Amino acid sequence: MTAPTEFDERDRMAMQRALELAQRGLDTTDPNPRVGCVILNDGRTVGEGWHERAGEEHAEVVALRAAGTSAQGGTAYVTLEPCSHQGRTPPCVDALVAAGVGRVVFAMLDPNPRVLGRGAERLREAGIEVACGLMAREAAELNVGFVKRMERGSPFVRLKLGMSLDGRTALASGASRWITGEAARADVQHWRARSSAILTGIGTVLADNPRLSVRAAGAEPRQPLRVVLDALLRTPPQARLFESPGVVLLFTSSYDRARRAVLEARGARVEHLADGGDGRLDLARMLARLAELEVNEVHVEAGATLAGSLVRSGLVDELLLYVAPILLGPQARALVELPPVAELAASPRYRIIESRQIETDLRLRLRPPTLGQPEDPSCSPASFRT
């Protein structure tokens, strides 16, 4: 790899298929990355696979098993650098070497420090041709949370908001069911399902009593961690949060042992978190703690106060905004609480990366300008250990 690799149309089609396979694990692989693999030999697909769940076989192993002896001398296309360490499963590089593949093309280096470059190095030492960088941006986008957690020690934060055409979320009385239509609400379930955690504040728990669970037809879905910021431990023991399977994590700055014991008896996991000096919980430290718990993507459904705090702190990586074609008027509740802005130049700005009509509503995805698209991950020779 002394020069940039040239990829042909066959390479691109195979990697595109590998990315499609990786998408099948979108809701299930957490906390692992979503990975797909395609094996070609003599221009023919001989094996395909994707990683489905943590602790189960990785994409390369599934594809190699499907290919059998036809993998020998073939090319394996993988959306992420094959792992080189013993985790819950054996190293994928060992399986590729044992199968006798002649070439491995992967989209991007694995940002996990335990892997970064080592997988490529092991393959090259075994005499296998290695190429990296094909559709790297698409592969990074598929795993934005995993990449951010590995590189920066914090999960990817996606803030879901629903509003009227005039930027309001509820009537002055607080009535908000339903601003958006049924199709938009069903769409939210897909974003919940792909997340590692669903985050809200105690105000939303007290006002709306949400379940914060994933509701889907068919097989029982994986339930993300449900996280509540509750400085004073005001979460009611009878809250609907506790009715669904999965873990409820309460972050608090309270030392009320009796209250904590009641909530823990209800099934809550309670962790103490220092406040940020303003009486509110330290949001950056909260996210760092979630990263320690292997949370990749945080889906936030909260009121204007917490939403505004996350925005002001620069902790939101993406806005998931549903716009309903109605007007609520100036007395209705605002989308987020922000301090007065003296000049337009000082206003928080976002870049629209996607817009989609969902029946009567509009869904927008927006990111800060610096996060409009992930950068192409480095695949330079210097990135590989020698």
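Student: What should I know before I start?

Tutor: Residues are numbered from 1 along each chain as its sequence is written, and side-chain values use heavy atoms, with hydrogens and water left out. Since the model is predicted, local features need pLDDT of at least 70 and side-chain atom pairs count only at pLDDT 80 or more, while totals for chains, interfaces and linings use all residues.

Student: How do strands pair, and what is the order of the open sheet of nine strands?

Tutor: Strands of a sheet pair through backbone hydrogen bonds, either parallel or antiparallel. Here strands are DSSP runs of E, at least two residues, and helices are runs of H or I, at least four, numbered from the N terminus; two strands pair if DSSP finds at least two bridges between them. The order is β11-β10-β9-β8-β12-β6-β13-β16-β15, with mixed pairing. At the edges, β11 (268–272) and β15 (351–358) each pair on one side only.

Student: In which sense do β8 and β12 pair?

Tutor: Parallel, over three bridges, between residues 197–201 and 297–300. Alanine 197 stands opposite valine 298 in β12.

Student: Which strands does helix α11 touch?

Tutor: Contact means heavy atoms within 4.5 Å. Helix α11 (residues 304–312) packs on the sheet and touches β6, β8, β9 (225–229) and β12.

Student: Which residues touch the most other members of the largest nonpolar core?

Tutor: A core joins buried (under 20% relative accessible area, 1.4 Å probe, protein chains only) Ala, Val, Leu, Ile, Met, Phe, Trp, Tyr and Cys residues through side-chain atoms within 4.5 Å. Of its 45 residues, they are Met15, Ile39, Val104 and Phe106. Helix α1 (residues 9–23) gives the largest share, six residues.

Terms used
Axes are lines fitted to C-alpha atoms, for helices over the stretch in contact, and angles run from 0 to 180 degrees between N-to-C directions. Buried means under 20% relative accessible area, exposed over 50%, partly exposed in between (1.4 Å probe, protein chains only).
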